[in-house]
Amino acid sequence: MSDMPRKAVSRTARLAALPLSFAGRATLGLGKRLGGRPAEEVAAELQAQTAEQLFATLGKLKGGAMKFGQAMSVFESALPEDVAGPYRAALTKLQESAPAMPTRTVHAVLAADLGEDWADGFRSFSDQPSAAASIGQVHRAVWKDGRDVAVKIQYPGAGDALLSDLSQLSRVARMLGPLIPGVDIKPLIAELRERVTEELDYGLEAESQQLHAREFAGDADIVVPRVVAQSGRVLVTEWLEGKPLSQVVSDGTRAERDRAGQLLARFLFAGPSRTGLLHADPHPGNFRLVKTGRTAASWKLGVLDFGTVDRLPGGLPRTIGTSLRLALAGDAGAVYDLLRQENFVRPGISLDPDAVLDYLLPIIEPTRAEQFTFSRPWMRTQAARIADPRSPAYNLGKQLNLPPSYLLIHRVTLSTIGVLCQLGATVRLHEELLRWLPGFAGPGNEPKTGPEAGPEPGPGPEAD
C-alpha cells in the first residue's frame with residue numbers, strides 16, 4: 001500500500017478525470033446500443049462501472065473525497081432502484097473501508113505524538129487497521145491497564161488533502177449532482193469545508209466524545225466508548241464490540257433493523273437535549289448495534305466518531321418542534337409566519353401559506369403516525385417530488401431559504417432519515433419527538449434539557 005496521495009496536482013488530476021470518464025463511458029454505451037445490445041443491459045453495465053470507479057477513486061484518495069462519498073452514501077435510498085443497485089454495493093464498501101496507511105507511517109505518527117516509547121503504553125498493538133475513515137484509520141490494541149482500545153490515527157497531510165479535494169469536488173458538483181436527486185451537492189460540499197478545522201482537531205473530538213460518554217454512562221439504550229488518551233493526531237478510546245449498522249442495512253433481521261432505527265432516531269433528538277451537542281456525521285459506519293441481552297428491547301446503539309458536532313446549548317431549536325406541531329395541526333398561517341420570522345422565507349418573497357403547508361406535509365409524514373415504516377420507495381418519492389421541475393413542490397422549494405444556523409441540522413436530519421430508509425425500520429418517531437424536541441409537545445409540556453433530562457426509561461440489560 002502507498003501513502004495517502006498528498007500532492008494537490010495528483011489528487012486534482014484523479015478527481016478531474018471522473019467527469020471525463022463518465023462522459024467517455026456514456027459515449028461507449030451509445031455505441032453498444034447502436035450495435036444492437038439492449039438498452040437496459042448497457043445501462044446497468046455503465047452504472048456498475050461508474051459506481052465502481054467513482055467510489056474506488058474516493059476511497060483511495062481518502063481526505064475530502066472520501067468524506068464527500070460518505071456524506072453521499074446516506075442518500076443512496078433516494079436513487080431510483082434500477083440505478084441504486086450498483087451504487088449500493090460500492091457505497092457500502094466505502095462506509096467502512098479504504099486502503100490502509102503503511103505500517104511505517106503508522107509508527108511514525110505514534111512516535112511523534114505519543115513519544116518514542118509509545119509501545120510501552122500498550123500490552124499489544126495490531127499493525128493491521130480494523131477500520132478506515134476519511135482522515136484517519138483505527139487500530140485495535142490492548143491498553144497498559146488491560147482494556148481493549150481503539151487507536152485512531154490521523155493520516156499525515158489530511159488537512160491539505162481535505163481542502164484540496166473539496167475545492168476540486170465543488171468544481172465538478174454539477175456533474176455529480178444527478179447521482180442524488182433532490183440533494184444540492186454544492187452546499188453540501190461547502191458545509192463539509194467549514195467543518196474541516198474542527199474535524200482535524202482530535203482534542204476537540206475527545207472532549208465531545210467524553211461528554212457523551214459521561215452523559216450516557218449506564219444508559220439503557222445508548223453506549224458511547226470513553227476516551228482513554230489523546231495527543232496530537234492520536235485518539236485512544238475504549239473498544240466497542242457490536243454489529244456495524246452497515247451490516248444491519250445489508251443483512252439485518254427485522255428485529256435488528258427496527259431496534260437500530262428506533263435508537264438512531266432517539267439519539268438524533270436525545271443527544272442535543274442531554275449534551276447540548278448534535279452528532280453531525282450519521283453515516284452507518286459510525287454506529288454499532290450492541291446486543292447486551294437476549295431480547296431486542298435490551299440491545300443498545302453504540303455511537304462512534306465525534307469529530308463533527310453542532311453546538312446546541314439549548315438542544316435543537318424550538319422553531320423546529322413548534323413548526324412541526326403547527327403543520328400537523330394544519331395551521332398554515334401560523335407555520336408560514338414562523339418560517340418568515342426565522343428567515344426560511346426571505347424578505348420580499350411572498351408565498352401561499354397553504355401551498356407551503358402542502359409542500360411540508362409529505363416530508364413530515366413520519367412524525368404524525370404512532371409508528372412509521374421508513375423505506376427506499378418512500379424516500380425516492382420525496383426526492384422525485386422535490387427534484388422534478390414539473391412538480392409544484394420543486395418550484396416552491398426553490399423559493400424557500402435555509403438559514404445558515406440550520407444547515408448542519410438539516411443535513412444531519414436528512415442523513416438520518418436516509419439511514420432509516422436503508423434500514424427499512426419501523427420507528428415510533430412521534431414518541432421521540434414528544435420526549436425530546438422543544439416545542440413539539442406544546443406549551444407546558446416542554447422536555448428537559450441537559451443532564452437533568454436523565455436517561456430514557458427502558459428495560460435493563462438481560463443476562464446473555
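Hi everyone, let's start with one lysine: K243 is partly exposed, at a relative accessible area of 21%. Keep in mind that we are looking at a predicted model. K243 has a salt-bridge partner, E256, and their closest N and O atoms sit 3.0 Å apart. The two residues come from distant parts of the chain, with K243 in strand β7 and E256 in helix α12, 13 residues apart. E256 has a relative accessibility of 5%, so this glutamate counts as buried.

Now, how many salt bridges does a search of the whole structure find? The total is 20, and I'd like to show you a couple of others.

Helix α12 turns up again in the next pair. E215 makes a salt bridge with R274, with 2.8 Å between the closest N and O atoms. E215 belongs to helix α10 (residues 202-215) and R274 to helix α12 (residues 254-275), so the bridge ties together parts that are 59 residues apart in sequence. Are these two buried or exposed? E215 is buried at 16% relative accessible area, and R274 is buried too, at 4%.

Next, please find E241 and R140, whose side chains meet in a salt bridge at 3.0 Å, N to O. Here the partners are 101 residues apart: E241 is in the loop between β6 (234-238) and β7 (243-244), while R140 is in strand β2 (residues 136-143). Both ends are partly exposed, E241 with 48% relative accessibility and R140 with a relative accessible area of 31%.

Methods: Residues numbered from 1 in each chain as written. Predicted model: local features only at pLDDT ≥ 70, side-chain atom pairs only at ≥ 80, totals over all residues. Heavy atoms only, no water. Salt bridge = Lys/Arg side-chain N within 4 Å of Asp/Glu carboxyl O. Helix = DSSP H or I, 4+ residues; strand = E, 2+ residues; numbered from the N terminus. Buried < 20%, exposed > 50% of the residue type's maximum accessible area, 1.4 Å probe, protein only.
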